[in-house]
Amino acid sequence: MCGIVGYIGAKDARSIILEGLKNLEYRGYDSAGIALKNANDIKIYKDKGRIKHLCEITDFTFDTNLGIGHTRWATHGIVNYDNSHPHISNNKRFVLVHNGVIENYKKIKYDYLSDYNFYSQTDSEVIVNLIEFYSKKMCTESAIRKVVSKLEGSYALLIMDKENLDTIYCIKNKTPLLLGLSNDGITIASDIIAFPKDVNKYFSFDDQRIAIIKNNDVKLMDYMGFEIDINYKDISLDTYNVSKGDYEHYMLKEIEEQPTVLRRIITNYFNYDDCVIDKKIIDAILDSDKINFVACGTSLYASFMGKYFFEKLCGIPTECFVASELVYSNPLMTKKPIFIFVSQSGETLDCITVMKKYKAQNYKLITLTNNTASTMANLSDYLLDICANPEISVASTKSYVASIAIMSVLAKAVSNKKTNLKNNLNRVSIVIDQIIADLKPVIKNMAKSIKDSKAVFYIGRGIDYWVGLEAALKLKEISYIHTDAYSSGELKHGTIALIEKGTPVIAICTQEGTNSIVRSNLAEAEARGAKGYIISLESLSYSEDDIIIPNVAHYLSPLVSQVVCQMLAYYVALYRGNDIDKPKNLAKSVTVE
Ligand code: AGP
């Protein structure tokens, strides 16, 4: 969603901020803006549209060593110039960029700012004017502390003050914010990948923190004004590996990286055939009477395989919860549950809210994430890195495969059973390489034949149904074709009414016990006009199947069948001419409720 970058130092702030904003483009946005110190003044450039446009309208002719920038994903107010950030206070003294949502902004407006003019429909403009309101009676630092005592909601804020033009004020509550140090300056950003490459140390703000950055100095404090020590961490080189290389889209690059991701997981999580997992994590799971997975979107669909592994291998009852549902419901808990949160970004607000809720009840929390510097990583008792390296395309691909692989490793470690997991994961990485090398032409043909459809359905049972759910999400989010997945037995209970002549119905057949029945269900749909397709595993295939995947262990089949579905979604979207890496209306990390 929205992205923030600020810089203060010896280099050109404008280039560092614009470059950082470019690296945040993947999060999804509709407008962009930048505020730059120019001698004793602040210059603002902003508009709806892409960073490329922002670069065109920004003045590059003056020297500037301090500034703040923003990409906006609209929540309050339409996409236009006025609603874009930065926002400026009425007396033009304060300039601010904001990520997040202020829930009580209307009340603040009514209670304190009735004499103020508002030029946007945003909640953010209220904050900048509230700072101005208090600054008339006190110093900026005190005004900021006063303001945060009034705000309800989530916010990461960077503020410039025309009367303190050597300073950036940063505030963080519930929305990610990180500060990075390089030899020549300090960068503040909502994601590590927005840092310039020479940042070597960073820290991630806890909630309810204010930092005042003046020249090369950082003062961190809580909302009461008490100073807090900063513990900087090192940054690994992999963090910055976000180039598209020769690929036209990040999505295809990330699909094709999956064998490498699996090999990295094998290297990091195996010692010969033994799984290398912190004993404390194993003991915590063994000490629980139920595992609750919590996640959203792709990570949720990956969690269904976690349930499968833990129940099958370890005999521990396991349930998967949609994070946004758990925010507002209180399902009955067992005596000793443990929670496993799964999130590529580690910044999904619904997950964070649920984490805080259960942390307050003293339950143990494990996080599987691709971002070990994230809010979720910081909130959890135990952390497992899914080792996928940065995922830029809004449509998740490699994080699905990586999360499932880690879940299989974790379940094996907890079960302490002898299995052939390492060899089987190795085999999966080889088969994904084969899919990429050999199956592209058939996948492309299938994509051509469904690209103009009004609706597409995936069907399967058990594991294949869960794969279908993720495959349908992938296809709908980047092709904009209405796609759904059904347990194939459910078709006759209603959905079959939607089948028209030529409606594509794609059956996934990778499981012995359900292979024949899913095929029969597909035949029923075909009898009513559907155009049926079958994606099968070689050992269960018929020669006329549309896509036949080389064999892997059946319990790992989602790691290969999903790759086929990811490629299918990619090519359908490509043939429809869509913006694949940044699909409309979507953001990479969902940091609002
Ligand atoms: C996946 O393609 C989606 N764009 C989305 O569903 C995503 O998986 C979801 O928002 C969860 O994100 P997370 O894994 O970063 O928590």
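This is a predicted model: local features need pLDDT of at least 70, side-chain atom pairs count only at pLDDT 80 or more; totals for chains, interfaces and linings use all residues.
Of the 15 residues around the ligand, the ones that come nearest are Ser299, Ser343, Ser345, Thr348 and Glu477. Sorted by class, the shell around the ligand holds 8 polar residues, 5 nonpolar ones and 2 charged ones.

Now for the individual contacts. Start at Ser299, where an N or O atom of the side chain sits 2.6 Å from an oxygen atom of the ligand. Gln344 takes part through its backbone instead: one of its backbone N or O atoms is 2.7 Å from a ligand oxygen atom. Then there's Val394, which has a polar backbone atom 3.0 Å from a nitrogen atom of the ligand. How much of the ligand does the protein bury? Taken alone, the ligand exposes 410 Å², and 92% of that is buried by the protein. As for secondary structure, helix H9 (297-314) and helix H16 (463-479) are the elements that give two or more residues to the shell around the ligand.

If you go through the lining of the largest cavity by class, you'll find 9 polar residues, 5 nonpolar and 2 charged.

The second largest cavity has a volume of about 30 Å³. Which domains contribute at least three residues each to its lining? Here the pair is domain 1 (3-240) and domain 2 (251-438). To find this cavity, look for Leu178, Ser190, Asp191 and Ile192, together with Glu347, Asn371, Ala373 and Ser374, which line it. The lining of the second largest cavity divides into 3 nonpolar, 3 polar and 2 charged residues.

Finally, a couple of backbone details are worth a stop. Most peptide bonds are trans, and most residues other than glycine have a negative phi. Against that background, check the bond between His85 and Pro86: this peptide bond is cis, with omega at about 0°. Pro86 belongs to the loop that runs between strand E4 (66-72) and strand E5 (87-88). The other spot is Ala39, which isn't a glycine but still has a positive phi, about 55°. You'll find Ala39 in the loop between strand E2 (31-38) and strand E3 (41-48).

Methods: Residues are numbered from 1 along each chain as its sequence is written. Side-chain values use heavy atoms; hydrogens and water are left out. Ala, Val, Leu, Ile, Met, Phe, Trp, Tyr, Cys and Pro count as nonpolar, Asp, Glu, Lys and Arg as charged, and the others, Gly among them, as polar. On a 1 Å grid over the protein atoms alone, a cavity is a set of points where a 1.4 Å probe fits but cannot get out, and a pocket is an open set with protein on both sides within 12 Å along at least five of seven lines; lining residues have an atom within 4 Å of a point. Grid points are joined across faces, edges and corners, and a volume is the space filled by probe spheres set on the points. Domain bounds come from an automatic or database domain assignment. A residue is near a molecule or strand if one of its heavy atoms lies within 4 Å of it. A polar contact is a pair of N or O atoms within 3.5 Å; within protein, one must be able to donate a hydrogen and the other to accept it, and residues adjacent in sequence count only if both atoms are side-chain atoms. Accessible areas come from the Shrake-Rupley method with a 1.4 Å probe; for residues, only the protein chains shown count as cover. Helices (H or I, at least four residues) and strands (E, at least two) are DSSP runs, numbered from the N terminus.
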